[in-house]
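User: I have a structure open here and I'm new to it. Can you walk me through some of the details?

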Amino acid sequence: LVMVFYGSNGKSNPVSMENKVEHQAKNEITYDIHLPSDLGMLYKVRLGLQSLENSISQLCLRHFKMQNTSTLDTFSLTINKTLPLSLNGDRWIEFPVEWPLKEALSVVTYHLTVFSRNILSERNLVHMTACIYGTHGDTGDRSLLWSLQNIQQGEDNESFLVIVDAVELGELDKVVLLISSKTDCKLDIRKLHLKEAVKEHPIYVFEVNEAFSVHANKPEIQREIPVSFVIRGDKKKNDIDNNLHKEGSQARNLTEYTIKVYTGDKRGAGTDANVHIILFGNEDKSEVFQLSQSLEHQDPFERGKVDTFKINTKKLGSLHSIEIGHDGKGFASGWFLEKVEITDASRNSVYCFNCNR
């Protein structure tokens, strides 16, 4: 049994339910868990079974109660659900945390329609999950092939519906697909449509148009798909959205990175040499950028100063490293670099690379 907690400042890692408290009451188990102190105010909990391999056991959940042992804030909820929700079914349930005088989010049923060319014939060979992201967090990795509905098959295309229950996500942002297989195969995925079950609109469209070659001896494939455009009930709004989509299709493949360069506060730390940088992500790497136009200072890279630069490049995924250096020009060109902070506007992520040399 695993839980993930979402707060106003982020989410916890999966918390394993291992530390049972002694003297259990009948049909009741109490656990002590430790959460990061910087999560902020909790607003949602995801609870589920982490692994069901070689197991057909089920867990009947009746009631859930959580208490902060220092503040004595208490939250309780009647669940009355069984995990997994069906044989080989969804292993997760989500519920909002309700606080006095504060409006809680609601649980929403989402309809995810997958348009593909050959997934249905391969579905018993592959494992495929989707994590849906919105302004209120994410769904975690949910299996896509356990319970398919509204299956439609043509000669060269097919579609099927997947139902996901989650605490409302707000405006949808992206979907991350994870695909793996115990045998070699190829999956051809065209697009995804995502909407709330009780509403006709908006429909979020995620264009994929990719054939994934899956190999048994290779790690799973991960692909991040940003929302391509939104179909709304209002035709005028649709036209605006679609025009923006056409005009911005090229721009959508670019993202803005804000680069803050911290020069150390040591004697001789500054440099007049020409500084360059390359960014490396898990999807791609950038071209070489010359850092010459600081937003703060006409003469960048002076002792104890912070210089900010903005660059536009293709989406690189999650950044894992940078290359930064200079051409050695000028008298005493040596440079003491403290650190580099990079903000990815499209992912709302900040990366810090410490140098201190």
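User: What stands opposite Thr-109 in S13?
Analyst: Asp-165 does. Keep in mind that this is a predicted model. Thr-109 and Asp-165 face each other where strand S8, residues 107-116, pairs with S13.

User: How many bridges join S8 to S13, and do they run parallel or antiparallel?
Analyst: There are 10 bridges between S8 and S13, and the two strands run antiparallel.

User: Which residues make up S13, and is the strand mostly covered or mostly open?
Analyst: S13 spans residues 158-167. The strand is mostly covered, with 8 of its 10 residues buried.

User: How does S12 pair with S13?
Analyst: S12, residues 149-153, pairs with S13 in the antiparallel sense, over 3 bridges. In one of these, Gln-153 has Glu-158 in S13 as its bridge partner. The link from S12 to S13 is a hairpin of 4 residues.

User: Changing topic. Where is Thr-255, and is it buried or exposed?
Analyst: Thr-255 is in strand S19, which covers residues 254-263. Thr-255 counts as buried because its relative accessibility is 4%, and the cut-off for buried is under 20%.

User: Which side chains does the Thr-255 side chain make polar contacts with?
Analyst: One is the side chain of Asp-344, at 3.4 Å. Another is the side chain of Ser-346, at 3.1 Å.

User: What else is Thr-255 in contact with?
Analyst: Leaving aside neighbours within four places in sequence, the contacts of Thr-255 include Ile-311, Asn-312, Thr-313, Lys-314 and Lys-315. Ala-345 is also among them, along with Asp-344 and Ser-346.

User: And Ser-349, where does that sit?
Analyst: Ser-349 lies in strand S25, residues 349-354. At 19% relative accessibility Ser-349 counts as buried, because the cut-off is under 20%.

User: What does the side chain of Ser-349 reach?
Analyst: The Ser-349 side chain reaches the backbone oxygen of Arg-347, at 3.2 Å. Not counting residues up to four places away in sequence, Ser-349 touches Ile-342, Thr-343 and Asp-344.

User: Last topic, cysteines. How many disulfides does the structure hold?
Analyst: The structure holds 0 disulfides. A disulfide is a covalent bond between the sulfur atoms of two cysteines.

User: Is Cys-185 buried or exposed?
Analyst: Cys-185 counts as buried, because its relative accessibility is 11%.

User: What about Cys-355?
Analyst: Cys-355 has 26% relative accessibility, so it counts as partly exposed.

Terms used. Residues are numbered from 1 along each chain as its sequence is written. This is a predicted model: local features need pLDDT of at least 70, side-chain atom pairs count only at pLDDT 80 or more; totals for chains, interfaces and linings use all residues. Side-chain values use heavy atoms; hydrogens and water are left out. Buried means under 20% relative accessible area, exposed over 50%, partly exposed in between (1.4 Å probe, protein chains only). A polar contact is a pair of N or O atoms within 3.5 Å; within protein, one must be able to donate a hydrogen and the other to accept it, and residues adjacent in sequence count only if both atoms are side-chain atoms. Contact means heavy atoms within 4.5 Å. A disulfide is a pair of cysteine sulfur atoms within 2.5 Å. Two strands pair if DSSP finds at least two bridges between them.
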